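Look at where the two chains meet.

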Amino acid sequence: MINLLRAEWKKTVWNYKLTGFLVWAVPVGVLGFYMVMLMGGLFSREWMAGMLQTGSGIWTGDAVGAWGMVLAFPFTVLSRLLPLAFMAAVFAGEYQSGMWKNLIPRNRRALLILAKMAVVTALIAIALMAASALTVAGQGAGRLWLGWEYNPPVSGDVFSDFAVLYAQTALLGGLALTILAAMAALAAILTRSTLAALLVVFGFSTLDSLAMYILMLLARIFSLPEIVNLYRYTPQCNIDNAQSWFRTGAALPLPFETFSTGPDLGFSLAMLVIWVAGLTALVLAVFERQDITA
Amino acid sequence: MPNPPAICTDSLTKTFGKGKTSIAAVRNLNLEVERGQVYGFLGPNGAGKTTTIRMLMDLVRPSAGRAEIHGRNVREAGALARVGGLVEGPAFYGYLSGRNNLEVLARTANDYRPERIRALLEQVGLAARAAQPVGAYSMGMKQRLGVAAALLGDPDLVVLDEPTNGLDPAGIQEMRGFIRGLAKEQGKTVFISSHLLNEVEQTCDRVAIIHKGEMIREGPVAGLLAESISNLRIQAAPLEQAEQALRERWEVARESVPGDAIPWLVVKAPPPDSPRVVELLVGKGVRVHQVVIRRQTLESYFLAATSDLHAGGPEAAHD
Ligand SMILES: Nc1ncnc2c1ncn2[C@@H]1O[C@H](COP(=O)(O)OP(=O)(O)OP(=O)(O)O)[C@@H](O)[C@H]1O
Ligand SMILES: [Mg+2]
């Protein structure tokens, strides 16, 4: 298994163009942003102060903020497209390069797909963690320069609270990324083309992101207000709701009459795990039966 | 079974699509390939060679029947552990070097040995270019790398789908020697598909011929190919006398070729008969100017073979 993961890792990471544009662009973008800020600071402290205000003001918030790319609705409607494009391109790339015929006889199909899902998820998680660290470093440097405070002051308690929050956020981000990876794999397996997989997976993802509004509309059209209750089964609802529990200790407030707060934390986490397991099982079943004819 | 054959298929069948537009790519194919042989799988374009090989490599699920390798159904996990294959043209990651491509494939099989990769690159003549991205390789170089990839796990059975495609004449010669070496020196079984008669003739011990998804002949190369696929063309004088003498034993026809002074006699005799043909003519006092062995093209051979099949002739399908 280690060898298989190393093989996946190597061929994915060495695909510089793809990882460069769609994965490393995130931490490199953060780095670039703060480099420009610091250089601008040589000429104008006001300008630099303006750029610094893009942060949350506290380092714990800045560190967690990078995960917003896969967690922070409605920003995610667009920002998810980057990891999705990467994942779809990686899965569909195996069809386009004609490599499945070389890979499948060498290992089990299920393991080949699982290793791929693990590697694409891990790569994006690493990029987001790098973005976390760079954001804190950039904000820290700017604030030091301007003599601003960067709260909260580090102490044992603050740090252990932060570690818990970060781990919870990363866990949630990991679940969200795995759901995206499974969707991308499914779309690539079904379409065998990068472009078609992109379109399908963007469609899926947007449906999920906007599920709340779509359900509200359906409820109006069919005069069935209970339809909105289905929202509790979508990945989007449970990602938002679990974040709310982690951040504030309370369920997510929802704008529905019949359903005005999100479910329990346990329900939401279980629901996300069910999505991961269900989509993964579907991916494996479809791939296992597929004829590789190109 | 103590020593099952390298390949055994039982009524192997693949139909692509459904309903009116469905294509029967392979029909009721029964193959048995003994270990240690170089086995040729011959057929024209679209005969079903690649589809059969894809089923052997567990890339395509048979619609009916089964395929076994070394006695195990290819659909079982691990059945392909001792098999290496090159299926329908080489495919690699263009952005990785030749060596890195092999590393990735070897690791995928959980069998990474750098010294094995080095030796293989040396064997297929790519050592000097191994560090270059495969995207910059020529067709022939990719084909060689494809063969190296098939041999990575030091397999007992090597399945090669048209391995000389894209190679120049010297490369083809070299590849044939290499393939024979795999069997003769390393004791491997080699299953090789081709649409070229002479290729199969020069490399294989046995051959199966398929056409439109069905096996139409199977047997040792020497017998099978000599039997019916060539004739002798002779220029001799006096013509009448030569024709009469030959007719006693063989079927003879005249053929005038524009620009040639004397017409040719076309004798339906296999190449091994040529010394006897010449002996006979010389014995009768005929002067023999030229004897040419002419191969039928594979296409015309198939035409003949399949019309046999439809006529239900004595030499119809082998079983
Ligand atoms: N994925 C597919 N969908 C539909 N038909 C297919 C598919 N793959 C192959 N076929 C058909 O099956 C038949 C056999 O094709 P196959 O590729 O096995 O032939 P081949 O003997 O390898 O030919 P070639 O010498 O051209 O490589 C052809 O008629 C082909 O059109
Ligand atoms: Mg073919």
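Chain A places 30 residues in contact (heavy atoms within 4.5 Å) with 32 residues of chain B. The model is predicted: local features need pLDDT of at least 70, side-chain atom pairs count only at pLDDT 80 or more, and totals for chains, interfaces and linings use all residues. Residues are numbered from 1 along each chain as its sequence is written, chains are lettered from A in the order in which they are written, and side-chain values use heavy atoms, without hydrogens and water.

The two chains bury about 2700 Å² between them. That is accessible area (1.4 Å probe) lost on being put together, summed over both. Carbon and sulfur atoms give 53% of it. Asn3(A), Lys101(A) and Arg106(A) supply 25% of the area that chain A buries against chain B, more than any other three residues.

There are 2 salt bridges between the chains (side-chain nitrogen of Lys or Arg within 4 Å of a carboxyl oxygen of Asp or Glu). One joins Lys10(A) to Glu103(B), at 2.8 Å from N to O. Which helix gives the largest share of the side of chain A that touches chain B? Helix 1 of chain A does, with 6 residues. By class, this side has 11 nonpolar, 8 polar and 11 charged residues.

Now turn to helix 10 of chain A, residues 156-191. Helices here are DSSP runs (H or I, at least four residues), numbered from the N terminus. Arg192(A) follows helix 10, with a positive phi near 55°.

Technical notes: Helices (H or I, at least four residues) and strands (E, at least two) are DSSP runs, numbered from the N terminus. Ala, Val, Leu, Ile, Met, Phe, Trp, Tyr, Cys and Pro count as nonpolar, Asp, Glu, Lys and Arg as charged, and the others, Gly among them, as polar. The expected span of a helix is 1.5 Å times one less than its number of residues.
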